[in-house]
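Here are my notes for your next look at this one. Please have the viewer open while you go through the points.

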There are 2 protein chains.
Amino acid sequence: MTYSISIEQSKQLKTKPADETLGFGKYYTDHMFILDYTAEQGWHSPRIIPYQPISLDPAAKIFHYGQSVFEGLKAYRAEDGRLLLFRPDRNFKRLNISNARLSIPALDEQFALEALIKLLEVDQDWIPHSEGTSLYIRPFVIATESALGVAPSLEYKFMIILSPVGSYYAEGIHPVKIYVEPGYVRAVTGGVGNAKTAGNYAAGLKAQEEATEKGYSQVLWLDGVHKKFIEEVGSMNVFFKINGTVITPVLNGSILEGITRSSILELLEHMNIPVEQRQLSMEEVYQAYQDGTLEEAFGTGTAAVISPIGELNWRDEKIIIQEGRTGELAATLYHTLTSIQHGRIEGPAGWVVEIPQLKKA
Amino acid sequence: MTYSISIEQSKQLKTKPADETLGFGKYYTDHMFILDYTAEQGWHSPRIIPYQPISLDPAAKIFHYGQSVFEGLKAYRAEDGRLLLFRPDRNFKRLNISNARLSIPALDEQFALEALIKLLEVDQDWIPHSEGTSLYIRPFVIATESALGVAPSLEYKFMIILSPVGSYYAEGIHPVKIYVEPGYVRAVTGGVGNAKTAGNYAAGLKAQEEATEKGYSQVLWLDGVHKKFIEEVGSMNVFFKINGTVITPVLNGSILEGITRSSILELLEHMNIPVEQRQLSMEEVYQAYQDGTLEEAFGTGTAAVISPIGELNWRDEKIIIQEGRTGELAATLYHTLTSIQHGRIEGPAGWVVEIPQLKKA
């Protein structure tokens, strides 16, 4: 399959926000990428155009039946001036796994990555410079056919938008307080929990909102069958260090396979730290806490990279971890992974992809 | 709360499709209703405008996190010329239940119904005349804030669109073949299965697609915890008649509370037929089949009203019901309910709401 990507340059470039005002997902760059799908033509008409609203029929399936998938990754500006992506092939591979689950036609992963790199070339000045900042990349697919029958859409749009984002932690990483959710369920085996699809996030909003009211920043999700085994924390994967061993829930069909998660697993192996991917109950975590063997807990994801957990509220019992401070392992992993991502140290082969830079006039 | 609905008449009315070509959800009327929400202003600016595409930022939350709810109901043209709605108050009540689950601000139910009736007045000529046809009504709410952080949207649109639809059954009701889904799960208690939200429908597409490939028109969903108890069939509620008693799964938090379901329950009570709302396992249905006491099975929903089940495929065992023909009870209920909806017979108080008709010039 060969495509030629047309490029329409924006005539009026935006003023870029100052790095310290970035926050997360509030500003968008000058251009975006679109690829259309119709049953007759397949994926077609790849184009980079000025960032602009899209126009959809009110009966477009995305509005009614949520048929959609997305990805999230980042582009980094290294100190030596190189522009870097972190394992982008993994994102497009996962996008197609999500597509298959949501009955959305597969994308050409290689081409999607080429399109992203082309878009990043065009908007490369948007990759922010300050420590800890990056350009967040959001590829997504939405069902656009105008039809109210419940059936897979015959039309889609694959788009990529870019958003410069600030450092997730203003002053280095710091631990968060997590509420172990007793009632609401994020996903269950046989559902769509292992796909990166819109409905999973909508389903989690209520629990998140109620946890926030109680003074917690995220919820820890338990499995939907037994309400016993640990699944994810907020929209991150989660790791526990108990008595020298790092444990993370095994991928069981309801947990998203995080790219940060698998990178952390590889780093831990390099570090010769024992790792177990298995079922882990809250009872076991609580027992370890009481025994004094619960050493660390942290979430992993693209946005925060590593998010140490300082407190877990389980059945109104407060489990304080590392006296509420960041653990040594979480700090080391955060430092190592962000250093690889920013090109300060070299990671395993293929983890970092350089974005070609345009010559400036 | 008082609102004034502005009306912008379409300057170019569409040609209406012939009744026999309608199908389901393929054509839309000349106008639509929109109401905006912002955190500052609340719900505001109600307006009826020509049916047209809507323009949204590519970062609008509906595209990424699926925060949305919808409803489905119908307007009917009675033989005596009256224009009728069936229990519309129930739909707007349920819309708010869905809103609460999805962290969407509540609507004024009374005003939403007034807005619908006003829109139906404007587009009343679109209510088709032929036997079995109706005007399908789709109220829906979508999150429109442009922000990539996972949090409830600060902006929404509530819209109503209308679509003339054909008779669901070209030649009277006929039984369908249903595949009992062994692997995929639609919803689980603690999730969003009892809300009418987009993600539930996206989650069901794959199972539906695989069932269709096997020659079945819908799947029967089992509970996500034990994969044992009956939940819904496709996007309908489901009823079984076993040894003279009608059994339907009890509302357990993962099943949608269908308005057709509750209307059928009331009709059955009027008919002095014993009814049970309780857990019902596939084992029990299979046992009844073997004992010869499985008398009927049917789905209920707005689109089909009653959809008799002629065959269930469970673990590759074919359970044939009523020799694959429509059962007497299903036929009676279909006849009774559609007769009430079309104003041929009178139903319980408040079930039918008349739409005021404009005087023609």
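1. Ring pairs, to start. Rings of Phe, Tyr and Trp (its six-membered ring) pair if their centres lie within 6.5 Å; planes under 30 degrees apart count as stacked, over 60 as edge-to-face and the rest as tilted. On that basis, a search of the whole structure turns up 33 aromatic pairs over all chains. Take A:Y179 and A:Y216: their ring centres are 5.7 Å apart and their planes sit at 50°, so this pair is tilted. A:Y179 is in strand β10 (residues 176–180) of chain A, while A:Y216 is in the loop between α4 (198–213) and β11 (218–222) of chain A, so the pair ties together parts 37 residues apart in sequence. Helices (H or I, at least four residues) and strands (E, at least two) are DSSP runs, numbered from the N terminus.

2. Some housekeeping. This is a predicted model, where local features need pLDDT of at least 70 and side-chain atom pairs count only at pLDDT 80 or more, although totals for chains, interfaces and linings use all residues. Residues are numbered from 1 along each chain as its sequence is written, chains are lettered from A in the order in which they are written, and side-chain values use heavy atoms, with hydrogens and water left out.

3. Back to the tyrosines. A:Y179 and A:Y216 are both buried (under 20% relative accessible area, with a 1.4 Å probe and protein chains only). A:K177 lies over the face of A:Y216, 5.2 Å from the ring centre. In chain B, the charged end of B:K177 sits over the ring of B:Y216, at 5.1 Å from its centre. The test here is NZ of Lys or CZ of Arg within 6 Å of the ring centre and within 35 degrees of the ring normal.

4. Now the interface. Chain A puts 58 residues into the contact and chain B 58 residues, with contact meaning heavy atoms within 4.5 Å. About 4,700 Å² is buried between chain A and chain B, and carbon and sulfur atoms give 65% of that; buried area is the accessible area (1.4 Å probe) that two parts lose on being put together, summed over both. A:F63, A:L148 and A:L205 supply 14% of the area that chain A buries against chain B, more than any other three residues. A:F63 also belongs to one aromatic cluster with A:F140, B:F63 and B:F140.

5. Lastly, a histidine. Is A:H31 buried or exposed? A:H31 is buried, at a relative accessible area of 1%, and is found in strand β2 (residues 31–38) of chain A. Its side chain reaches the backbone nitrogen of A:S10 at 2.8 Å.

How values were computed: Buried < 20%, exposed > 50% of the residue type's maximum accessible area, 1.4 Å probe, protein only. Polar contact = N/O pair within 3.5 Å; in protein donor to acceptor, adjacent residues only side chain to side chain.
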